Amino acid sequence: MKNYVRKAVAAAVAVFSLVSFAACGARSSSRTEHRITIGIKFDQPGVGFKKGGTYTGFDVSVARYIANYMGYEDYEIVWKEAPSKQREAMLQNNDVDMILASYSITDDRKKTVDFGGPYFVAGQDLLVRSDNTTIKGPQDLDGKRLCSVTGSTSAVVIKERYSSKVQLMEQPGYAECATALFSDIVDAVTTDNIILAGLAANSRGRLKLVSAPFTQEYYGVGIHKGNTGLASQINAAINDMVSTGAWEQAIKDNTRGTGFTPDSKYNPPKAFEGEGK
């Protein structure tokens with residue numbers, strides 16, 4: 001009888017262990033699947049930047065806030081590099097759930113992807129050396145050397161609208177443009193002001209923004225075409241981030257020491273109002 005009892009207890013324990021293991025396994029599997037993959041830039045200090053296993057920048061701050069608002073913990077966020085030329089394809093192929101990578105909302109892009117936001121309205125501006133007193137806007141660039149990134153339209157806008165005699169130089173990335181500016185190879189760098197503010201923040205006081213924006217770029221959260229439910233969640237998160245003051249704090253944290261202030265005429269934007277509608 002005692003042997004029978006011992007066997008019965010052992011069997012019960014074995015069954016309980018198997019059930020517990022299966023339950024834990026199910027929870028673990030669910031936990032593994034509860035992930036959100038977000039595309040960002042890895043090479044834009046102050047906007048989207050990867051150093052080791054750390055991700056920083058204003059886009060990263062906004063992305064993290066949205067993900068947390070949607071119920072994801074920080075460790076459940078998978079960051080993926082989203083180069084400019086690959087953003088639409090990454091969304092169409094479902095390689096990412098959303099993209100925050102200084103991604104301007106345009107009618108052409110809306111043909112293939114949808115957007116949440118806008119979450120920021122940038123303006124094209126100029127970055128110069130801190131001791132420069134002659135360049136105060138795009139109209140002052142005739143005869144000067146101007147750097148921008150290959151494939152960008154920023155320098156072309158200046159040449160066509162403001163300074164037809166500007167000398168254009170292209171580099172593969174803005175870090176290379178900043179290096180050229182440090183080395184006196186060029187006189188100015190142009191792109192969106194928040195990107196330039198990030199470069200200035202990492203220059204140890206050697207570079208400064210001219211702070212004379214002359215375009216408006218509505219940054220949106222790129223998502224798969226037709227995902228209106230996700231767009232609504234993103235817009236609610238962005239508006240919440242603004243109302244709590246977290247949006248303003250993220251701007252300060254990521255452009256510290258530059259004196260950068262977003263154009264108050266457009267910022268902070270209300271999600272899905274304005275040009276990106």
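**Notebook: salt bridges and a buried serine**

I began with Lys 111, which counts as exposed because its relative accessibility is 64%; exposed means over 50% relative accessible area, buried under 20%, and partly exposed in between, with a 1.4 Å probe and protein chains only. I note that this is a predicted model, in which local features need pLDDT of at least 70, side-chain atom pairs count only at pLDDT 80 or more, and totals for chains, interfaces and linings use all residues. Residues are numbered from 1 along each chain as its sequence is written, and side-chain values use heavy atoms, with hydrogens and water left out.

**Entry: Lys 111 and its partner**

I looked up which side chain meets that of Lys 111 in a salt bridge. The partner is Asp 108, at 3.7 Å from N to O. The rule I applied requires a side-chain nitrogen of Lys or Arg within 4 Å of a carboxyl oxygen of Asp or Glu. Asp 108 is likewise exposed, as its relative accessible area is 55%.

In general, side chains of opposite charge can pair when their charged atoms come close.

**Entry: Asp 184 and Arg 129**

I then examined the salt bridge between the side chains of Asp 184 and Arg 129, 2.8 Å from N to O. This pair links distant parts of the chain, 55 residues apart: Asp 184 lies in the loop between helix H5 (174-182) and strand S11 (188-192), and Arg 129 in strand S8 (residues 124-129). Helices (H or I, at least four residues) and strands (E, at least two) are DSSP runs, numbered from the N terminus. I record Asp 184 as partly exposed, at 42% relative accessibility, and Arg 129 as buried, at 17%.

**Entry: Asp 187 and Arg 145**

I found a further salt bridge between the side chains of Asp 187 and Arg 145, at 3.1 Å from N to O. Here too distant parts of the chain are linked, with Asp 187 in the loop between H5 and S11 and Arg 145 in strand S9, 42 residues apart. Asp 187 is buried because its relative accessibility is 11%, whereas Arg 145 is partly exposed at 29%. I also note that Arg 129, Arg 145, Asp 184 and Asp 187 are linked in a network of salt bridges.

**Entry: Ser 148**

Finally, I located Ser 148 in strand S9 (residues 145-149). Is Ser 148 buried or exposed? It counts as buried, since its relative accessibility is 2%. Leaving aside neighbours within four places in sequence, I list among the contacts of Ser 148 the residues Met 169, Tyr 174, Cys 177 and Thr 190; contact means heavy atoms within 4.5 Å.
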